[in-house]
Amino acid sequence: MNNSITVGFDAKRIVRNNTGLGSYSRTLVRDLAYLPASLKLRLYAPDKGRDDLRSQIEGLPRVSFCYPKESTFLPFDKALWRERGIVSDLKRDKVQVFHGLSGELPIGIRRSGIRSVVTIHDLIFLRHPEFYPWLDAKIYAWKFRRAINEADHIIAISECTRRDVLELGPVEPSRVSVVYQSCAPRFTSVPTPVEEEQVRLKYGLPKRFILNVGTIEQRKNILLAVKALEALPHLSLVIVGHRTSYTNQVMDYMSSHGLHRRVFILDNVPDTDLPALYSQAECFVYPSIYEGFGIPIIEAVSCGLPVVACTGSCLEEAGGPDCLYVSPDDPEALADAIRQSQKGAPGREERIQRSQAYIRRFQGDNVASQVAAIYHRLV
(Lines give C-alpha, C1' and ligand atoms only; values in the text may rest on other atoms or scores of the structure.)
Protein backbone atom coordinates (compact mmCIF):
# COMPACT_ATOMS: atom_id res chain seq x y z
CA MET A 1 0.00 0.00 0.00
CA ASN A 2 2.78 2.47 -0.79
CA ASN A 3 1.15 4.09 -3.81
CA SER A 4 -0.71 7.31 -3.14
CA ILE A 5 -4.45 7.24 -3.87
CA THR A 6 -6.75 10.25 -4.08
CA VAL A 7 -10.09 9.41 -2.52
CA GLY A 8 -13.16 11.62 -2.76
CA PHE A 9 -16.05 11.52 -0.30
CA ASP A 10 -19.65 12.66 -0.29
CA ALA A 11 -19.25 15.05 2.66
CA LYS A 12 -22.75 16.47 2.96
CA ARG A 13 -23.43 14.57 6.20
CA ILE A 14 -19.98 15.45 7.54
CA VAL A 15 -20.77 19.18 7.61
CA ARG A 16 -24.53 19.07 8.24
CA ASN A 17 -25.52 16.01 10.28
CA ASN A 18 -24.69 15.59 13.97
CA THR A 19 -26.38 12.19 14.38
CA GLY A 20 -25.69 8.69 13.04
CA LEU A 21 -24.69 9.23 9.40
CA GLY A 22 -22.69 12.33 10.21
CA SER A 23 -20.91 10.64 13.10
CA TYR A 24 -20.04 7.62 10.95
CA SER A 25 -18.65 9.85 8.20
CA ARG A 26 -16.55 12.08 10.46
CA THR A 27 -15.19 9.17 12.47
CA LEU A 28 -14.18 7.19 9.38
CA VAL A 29 -12.46 10.15 7.69
CA ARG A 30 -10.64 10.98 10.92
CA ASP A 31 -9.42 7.39 11.28
CA LEU A 32 -8.36 7.23 7.62
CA ALA A 33 -6.42 10.49 7.99
CA TYR A 34 -4.22 8.97 10.69
CA LEU A 35 -3.44 5.75 8.85
CA PRO A 36 0.16 5.38 7.71
CA ALA A 37 -1.19 4.61 4.22
CA SER A 38 -0.69 7.43 1.72
CA LEU A 39 -4.29 8.45 1.07
CA LYS A 40 -5.25 11.94 -0.08
CA LEU A 41 -8.75 12.62 1.22
CA ARG A 42 -10.92 15.17 -0.61
CA LEU A 43 -14.28 15.96 0.98
CA TYR A 44 -16.97 17.21 -1.46
CA ALA A 45 -19.70 19.13 0.36
CA PRO A 46 -22.47 21.31 -1.11
CA ASP A 47 -21.56 24.08 1.37
CA LYS A 48 -19.56 24.64 4.55
CA GLY A 49 -22.44 23.51 6.73
CA ARG A 50 -22.06 23.81 10.50
CA ASP A 51 -18.82 25.18 11.89
CA ASP A 52 -18.91 22.87 14.92
CA LEU A 53 -19.12 19.79 12.69
CA ARG A 54 -16.72 20.88 9.97
CA SER A 55 -14.10 21.92 12.53
CA GLN A 56 -13.89 18.33 13.76
CA ILE A 57 -12.30 17.41 10.42
CA GLU A 58 -10.54 20.57 9.22
CA GLY A 59 -6.80 20.48 9.75
CA LEU A 60 -6.45 16.69 9.69
CA PRO A 61 -3.48 15.41 7.68
CA ARG A 62 -4.05 14.95 3.95
CA VAL A 63 -7.68 16.17 4.23
CA SER A 64 -9.15 19.01 2.15
CA PHE A 65 -12.69 20.28 1.59
CA CYS A 66 -14.10 20.95 -1.87
CA TYR A 67 -17.24 22.99 -2.63
CA PRO A 68 -19.26 23.90 -5.74
CA LYS A 69 -18.37 27.08 -7.58
CA GLU A 70 -19.35 30.22 -5.70
CA SER A 71 -21.89 31.11 -8.38
CA THR A 72 -24.00 28.16 -7.22
CA PHE A 73 -26.22 29.51 -4.47
CA LEU A 74 -29.70 28.09 -4.77
CA PRO A 75 -30.54 24.93 -2.78
CA PHE A 76 -31.66 23.00 -5.86
CA ASP A 77 -28.36 23.95 -7.58
CA LYS A 78 -26.44 22.38 -4.69
CA ALA A 79 -28.60 19.27 -4.83
CA LEU A 80 -28.06 18.99 -8.58
CA TRP A 81 -24.31 19.41 -8.13
CA ARG A 82 -24.26 16.59 -5.57
CA GLU A 83 -26.46 14.46 -7.83
CA ARG A 84 -24.55 14.97 -11.11
CA GLY A 85 -22.22 17.95 -11.32
CA ILE A 86 -19.81 16.62 -8.75
CA VAL A 87 -18.53 14.03 -11.25
CA SER A 88 -16.81 16.65 -13.39
CA ASP A 89 -15.13 18.06 -10.27
CA LEU A 90 -13.92 14.60 -9.32
CA LYS A 91 -12.40 14.15 -12.79
CA ARG A 92 -10.79 17.59 -12.63
CA ASP A 93 -9.21 16.72 -9.26
CA LYS A 94 -8.00 13.33 -10.51
CA VAL A 95 -9.94 11.43 -7.85
CA GLN A 96 -9.34 7.71 -8.24
CA VAL A 97 -11.94 6.35 -5.82
CA PHE A 98 -15.16 8.02 -4.70
CA HIS A 99 -16.88 6.87 -1.50
CA GLY A 100 -20.57 7.55 -0.93
CA LEU A 101 -20.71 7.49 2.87
CA SER A 102 -24.50 7.53 3.26
CA GLY A 103 -25.94 5.10 0.74
CA GLU A 104 -25.80 7.38 -2.31
CA LEU A 105 -23.61 7.83 -5.37
CA PRO A 106 -23.76 10.53 -8.06
CA ILE A 107 -25.27 9.68 -11.42
CA GLY A 108 -22.59 8.88 -13.98
CA ILE A 109 -19.79 7.91 -11.59
CA ARG A 110 -19.40 4.51 -13.25
CA ARG A 111 -19.26 5.97 -16.78
CA SER A 112 -16.62 8.46 -15.63
CA GLY A 113 -14.07 5.71 -15.01
CA ILE A 114 -13.71 6.69 -11.35
CA ARG A 115 -13.98 3.65 -9.10
CA SER A 116 -16.66 3.91 -6.45
CA VAL A 117 -17.60 2.54 -3.04
CA VAL A 118 -20.91 3.04 -1.26
CA THR A 119 -21.67 2.39 2.40
CA ILE A 120 -25.12 0.94 3.04
CA HIS A 121 -26.15 1.47 6.65
CA ASP A 122 -29.53 -0.25 6.62
CA LEU A 123 -32.46 -1.16 4.40
CA ILE A 124 -35.17 -0.45 6.95
CA PHE A 125 -37.14 1.43 4.30
CA LEU A 126 -37.45 -1.90 2.46
CA ARG A 127 -37.75 -4.21 5.47
CA HIS A 128 -40.15 -1.96 7.39
CA PRO A 129 -41.60 0.69 5.04
CA GLU A 130 -44.36 1.29 7.58
CA PHE A 131 -41.92 3.41 9.58
CA TYR A 132 -41.57 5.92 6.72
CA PRO A 133 -43.86 8.23 4.80
CA TRP A 134 -44.78 6.43 1.57
CA LEU A 135 -42.92 8.84 -0.72
CA ASP A 136 -39.76 8.84 1.45
CA ALA A 137 -39.59 5.04 1.35
CA LYS A 138 -39.91 5.08 -2.45
CA ILE A 139 -37.16 7.71 -2.82
CA TYR A 140 -34.80 5.84 -0.49
CA ALA A 141 -35.43 2.60 -2.37
CA TRP A 142 -34.72 4.32 -5.72
CA LYS A 143 -31.47 5.82 -4.39
CA PHE A 144 -30.40 2.44 -3.02
CA ARG A 145 -30.95 0.63 -6.31
CA ARG A 146 -29.21 3.37 -8.25
CA ALA A 147 -26.24 3.27 -5.85
CA ILE A 148 -25.73 -0.48 -6.06
CA ASN A 149 -25.85 -0.29 -9.86
CA GLU A 150 -23.20 2.46 -9.91
CA ALA A 151 -20.91 1.06 -7.20
CA ASP A 152 -17.85 -1.06 -7.83
CA HIS A 153 -17.96 -2.21 -4.23
CA ILE A 154 -20.47 -2.02 -1.37
CA ILE A 155 -19.66 -1.73 2.33
CA ALA A 156 -22.30 -3.02 4.72
CA ILE A 157 -21.88 -1.90 8.31
CA SER A 158 -23.05 -5.23 9.75
CA GLU A 159 -23.73 -8.82 8.75
CA CYS A 160 -27.41 -8.03 9.16
CA THR A 161 -27.18 -5.23 6.59
CA ARG A 162 -25.12 -7.42 4.25
CA ARG A 163 -27.82 -10.10 4.34
CA ASP A 164 -30.43 -7.48 3.53
CA VAL A 165 -28.37 -6.10 0.62
CA LEU A 166 -27.82 -9.57 -0.85
CA GLU A 167 -31.49 -10.46 -0.54
CA LEU A 168 -33.19 -7.19 -1.40
CA GLY A 169 -30.67 -5.88 -3.95
CA PRO A 170 -30.03 -8.45 -5.11
CA VAL A 171 -26.23 -8.17 -5.33
CA GLU A 172 -23.44 -10.64 -6.03
CA PRO A 173 -21.84 -11.61 -2.68
CA SER A 174 -18.34 -10.80 -3.95
CA ARG A 175 -19.31 -7.12 -4.29
CA VAL A 176 -20.30 -6.69 -0.62
CA SER A 177 -17.94 -6.52 2.36
CA VAL A 178 -18.82 -6.09 6.01
CA VAL A 179 -16.82 -3.32 7.64
CA TYR A 180 -18.13 -2.32 11.04
CA GLN A 181 -18.22 1.28 12.14
CA SER A 182 -16.31 2.65 15.10
CA CYS A 183 -17.33 5.26 17.62
CA ALA A 184 -15.59 8.56 18.17
CA PRO A 185 -12.53 8.45 20.47
CA ARG A 186 -14.14 10.83 22.98
CA PHE A 187 -16.19 7.90 24.32
CA THR A 188 -13.06 6.12 25.53
CA SER A 189 -11.98 9.11 27.66
CA VAL A 190 -13.25 9.08 31.24
CA PRO A 191 -15.00 12.35 32.15
CA THR A 192 -13.69 14.10 35.25
CA PRO A 193 -15.94 14.56 38.31
CA VAL A 194 -16.11 18.27 37.46
CA GLU A 195 -17.29 17.51 33.90
CA GLU A 196 -19.90 15.09 35.20
CA GLU A 197 -21.20 17.64 37.71
CA GLN A 198 -21.39 20.36 35.07
CA VAL A 199 -23.46 18.11 32.80
CA ARG A 200 -25.63 16.94 35.69
CA LEU A 201 -26.49 20.52 36.64
CA LYS A 202 -26.87 21.66 33.03
CA TYR A 203 -29.63 19.13 32.30
CA GLY A 204 -31.02 18.67 35.81
CA LEU A 205 -30.26 14.96 35.75
CA PRO A 206 -31.91 12.72 38.35
CA LYS A 207 -29.79 10.82 40.86
CA ARG A 208 -30.38 7.35 39.38
CA PHE A 209 -31.34 6.91 35.76
CA ILE A 210 -31.20 4.67 32.72
CA LEU A 211 -30.18 6.28 29.43
CA ASN A 212 -31.28 6.10 25.81
CA VAL A 213 -29.67 7.98 22.90
CA GLY A 214 -31.25 8.17 19.45
CA THR A 215 -33.93 9.90 17.43
CA ILE A 216 -37.29 9.65 19.19
CA GLU A 217 -39.20 7.85 16.44
CA GLN A 218 -41.48 4.84 16.27
CA ARG A 219 -38.83 2.45 14.99
CA LYS A 220 -36.61 3.25 17.99
CA ASN A 221 -39.43 2.03 20.23
CA ILE A 222 -38.52 4.08 23.32
CA LEU A 223 -42.10 3.72 24.56
CA LEU A 224 -41.13 0.18 25.60
CA ALA A 225 -38.60 1.62 28.06
CA VAL A 226 -41.17 4.11 29.37
CA LYS A 227 -43.56 1.21 30.05
CA ALA A 228 -40.78 -0.77 31.75
CA LEU A 229 -40.19 2.20 34.05
CA GLU A 230 -43.51 1.47 35.80
CA ALA A 231 -41.91 -1.63 37.34
CA LEU A 232 -38.75 0.28 38.34
CA PRO A 233 -39.93 2.94 40.83
CA HIS A 234 -36.39 3.77 42.00
CA LEU A 235 -35.12 4.74 38.52
CA SER A 236 -35.72 7.54 36.03
CA LEU A 237 -35.26 7.49 32.24
CA VAL A 238 -33.22 10.05 30.33
CA ILE A 239 -33.87 10.15 26.57
CA VAL A 240 -31.41 12.07 24.38
CA GLY A 241 -32.52 12.65 20.81
CA HIS A 242 -34.31 14.65 18.18
CA ARG A 243 -38.08 14.79 18.64
CA THR A 244 -40.54 13.57 16.02
CA SER A 245 -44.33 13.22 16.05
CA TYR A 246 -43.85 9.89 17.87
CA THR A 247 -42.60 11.90 20.86
CA ASN A 248 -46.19 13.05 21.45
CA GLN A 249 -47.27 9.43 21.85
CA VAL A 250 -44.50 8.87 24.38
CA MET A 251 -45.41 12.01 26.32
CA ASP A 252 -49.12 11.12 26.35
CA TYR A 253 -48.29 7.75 27.91
CA MET A 254 -46.01 9.42 30.46
CA SER A 255 -48.77 11.81 31.52
CA SER A 256 -51.56 9.23 31.66
CA HIS A 257 -49.44 6.85 33.78
CA GLY A 258 -47.93 9.38 36.15
CA LEU A 259 -44.39 9.06 34.74
CA HIS A 260 -43.86 12.63 33.55
CA ARG A 261 -41.62 13.46 36.54
CA ARG A 262 -39.40 10.43 35.94
CA VAL A 263 -38.80 10.76 32.18
CA PHE A 264 -36.42 13.46 30.92
CA ILE A 265 -36.31 14.24 27.20
CA LEU A 266 -33.20 16.15 26.10
CA ASP A 267 -32.93 17.61 22.61
CA ASN A 268 -30.01 19.40 20.93
CA VAL A 269 -27.41 17.87 23.24
CA PRO A 270 -23.91 18.59 21.87
CA ASP A 271 -21.63 15.63 21.21
CA THR A 272 -19.18 16.88 23.82
CA ASP A 273 -21.74 16.33 26.62
CA LEU A 274 -22.56 12.73 25.72
CA PRO A 275 -19.67 10.95 27.49
CA ALA A 276 -20.58 12.58 30.82
CA LEU A 277 -24.22 11.59 30.29
CA TYR A 278 -23.28 7.98 29.58
CA SER A 279 -20.91 7.77 32.53
CA GLN A 280 -23.57 8.79 35.09
CA ALA A 281 -26.25 6.33 33.97
CA GLU A 282 -26.99 2.97 35.61
CA CYS A 283 -27.35 1.25 32.26
CA PHE A 284 -28.11 1.95 28.61
CA VAL A 285 -31.37 0.85 26.97
CA TYR A 286 -31.79 0.51 23.21
CA PRO A 287 -35.20 -1.06 22.47
CA SER A 288 -35.13 -0.42 18.71
CA ILE A 289 -37.22 -2.69 16.52
CA TYR A 290 -34.74 -2.66 13.61
CA GLU A 291 -31.28 -1.17 13.09
CA GLY A 292 -28.43 -1.40 10.61
CA PHE A 293 -25.87 -1.52 13.41
CA GLY A 294 -26.54 0.51 16.58
CA ILE A 295 -23.52 2.72 17.27
CA PRO A 296 -24.96 4.07 20.58
CA ILE A 297 -24.45 0.58 21.99
CA ILE A 298 -20.73 0.80 21.21
CA GLU A 299 -20.59 4.29 22.73
CA ALA A 300 -22.31 3.08 25.91
CA VAL A 301 -20.06 0.05 26.36
CA SER A 302 -17.00 2.23 25.70
CA CYS A 303 -18.16 4.48 28.54
CA GLY A 304 -18.45 1.49 30.91
CA LEU A 305 -22.20 0.86 30.81
CA PRO A 306 -24.10 -2.41 30.63
CA VAL A 307 -26.55 -2.50 27.73
CA VAL A 308 -30.08 -3.83 27.39
CA ALA A 309 -31.29 -4.01 23.78
CA CYS A 310 -33.85 -5.83 21.65
CA THR A 311 -33.74 -8.87 19.44
CA GLY A 312 -34.73 -8.95 15.78
CA SER A 313 -32.02 -7.13 13.84
CA CYS A 314 -28.31 -6.53 14.36
CA LEU A 315 -28.09 -5.36 17.96
CA GLU A 316 -26.69 -8.66 19.25
CA GLU A 317 -24.01 -8.28 16.60
CA ALA A 318 -23.11 -4.80 17.87
CA GLY A 319 -23.24 -5.51 21.60
CA GLY A 320 -21.97 -9.06 21.75
CA PRO A 321 -23.04 -11.94 23.99
CA ASP A 322 -22.68 -10.15 27.33
CA CYS A 323 -25.29 -7.47 26.74
CA LEU A 324 -28.86 -8.45 27.56
CA TYR A 325 -31.53 -8.74 24.86
CA VAL A 326 -35.32 -8.90 25.08
CA SER A 327 -38.27 -8.93 22.71
CA PRO A 328 -39.18 -5.45 21.39
CA ASP A 329 -42.76 -5.85 22.67
CA ASP A 330 -42.11 -7.14 26.22
CA PRO A 331 -41.83 -4.34 28.83
CA GLU A 332 -41.74 -6.83 31.72
CA ALA A 333 -38.68 -8.58 30.24
CA LEU A 334 -37.03 -5.20 29.66
CA ALA A 335 -37.65 -4.19 33.28
CA ASP A 336 -36.13 -7.45 34.50
CA ALA A 337 -33.05 -7.00 32.31
CA ILE A 338 -32.63 -3.44 33.63
CA ARG A 339 -32.74 -4.80 37.21
CA GLN A 340 -29.90 -7.16 36.29
CA SER A 341 -27.95 -4.19 34.91
CA GLN A 342 -28.36 -1.63 37.67
CA LYS A 343 -25.46 -0.77 39.96
CA GLY A 344 -24.75 -3.50 42.47
CA ALA A 345 -26.50 -6.27 40.52
CA PRO A 346 -24.64 -9.62 40.51
CA GLY A 347 -22.41 -10.11 37.47
CA ARG A 348 -22.87 -6.54 36.20
CA GLU A 349 -19.21 -5.50 36.30
CA GLU A 350 -18.02 -8.77 34.75
CA ARG A 351 -20.46 -8.38 31.85
CA ILE A 352 -19.23 -4.82 31.27
CA GLN A 353 -15.61 -5.97 31.11
CA ARG A 354 -16.41 -8.78 28.67
CA SER A 355 -18.45 -6.41 26.51
CA GLN A 356 -15.57 -3.93 26.40
CA ALA A 357 -13.28 -6.72 25.23
CA TYR A 358 -15.82 -7.67 22.54
CA ILE A 359 -16.09 -4.17 21.05
CA ARG A 360 -12.35 -3.85 20.47
CA ARG A 361 -13.07 -5.25 17.01
CA PHE A 362 -14.73 -1.90 16.23
CA GLN A 363 -11.67 0.23 17.00
CA GLY A 364 -11.02 3.00 14.52
CA ASP A 365 -7.63 1.96 13.17
CA ASN A 366 -8.91 -1.55 12.47
CA VAL A 367 -11.99 -0.25 10.65
CA ALA A 368 -10.03 2.35 8.65
CA SER A 369 -7.44 -0.21 7.57
CA GLN A 370 -10.16 -2.45 6.15
CA VAL A 371 -11.72 0.45 4.22
CA ALA A 372 -8.32 1.59 2.90
CA ALA A 373 -7.64 -1.96 1.70
CA ILE A 374 -10.84 -1.83 -0.37
CA TYR A 375 -9.72 1.43 -2.00
CA HIS A 376 -6.36 -0.10 -2.91
CA ARG A 377 -7.93 -3.25 -4.33
CA LEU A 378 -10.16 -1.19 -6.60
CA VAL A 379 -7.29 0.90 -7.95
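In which loop is Arg-62 found? Arg-62 belongs to the loop between helix H3 (51-54) and strand E3 (63-66); helices (H or I, at least four residues) and strands (E, at least two) are DSSP runs, numbered from the N terminus. The structure is a predicted model, in which local features need pLDDT of at least 70, side-chain atom pairs count only at pLDDT 80 or more, and totals for chains, interfaces and linings use all residues. Residues are numbered from 1 along each chain as its sequence is written, and side-chain values use heavy atoms, with hydrogens and water left out.

The backbone at Arg-62 deserves attention. Its phi is near 65°, a positive value in a residue other than glycine. Arg-62 is partly exposed, with a relative accessible area of 36%; buried means under 20% relative accessible area, exposed over 50%, and partly exposed in between (1.4 Å probe, protein chains only). Asn-268, also not a glycine, has a positive phi of about 55°. Asn-268 is placed in the loop between strand E10 (263-266) and helix H11 (274-280), and counts as exposed at 72% relative accessibility.

A further backbone feature concerns a proline. The peptide bond from Gly-169 to Pro-170 is cis, with omega near -20°. Pro-170 lies in the loop between helix H7 (159-168) and strand E7 (176-178).

The discussion now turns to the interior. In soluble globular proteins, nonpolar side chains tend to be buried together. A nonpolar core is a set of buried Ala, Val, Leu, Ile, Met, Phe, Trp, Tyr and Cys residues joined through side-chain atoms within 4.5 Å. The largest such core has 77 residues, of which Leu-32, Leu-41, Leu-43, Tyr-278 and Phe-284 touch the most other members. Helix H16 (residues 364-378) supplies the largest share of this core, seven residues. Leaving aside neighbours within four places in sequence, Leu-41 is in contact (heavy atoms within 4.5 Å) with residues including Val-7, Phe-9, Val-29 and Leu-32.

A second, separate core of 30 residues includes Val-226, Tyr-246, Leu-259 and Ile-338. Where does Val-226 lie? Val-226 is part of helix H9 (residues 223-228) and is buried, with a relative accessible area of 0%. Not counting residues up to four places away in sequence, Val-226 touches Leu-237, Val-250, Tyr-253, Met-254 and Leu-259. Val-226 and Leu-259 are 33 residues apart in sequence, and their C-alpha atoms are 8.0 Å apart in space.
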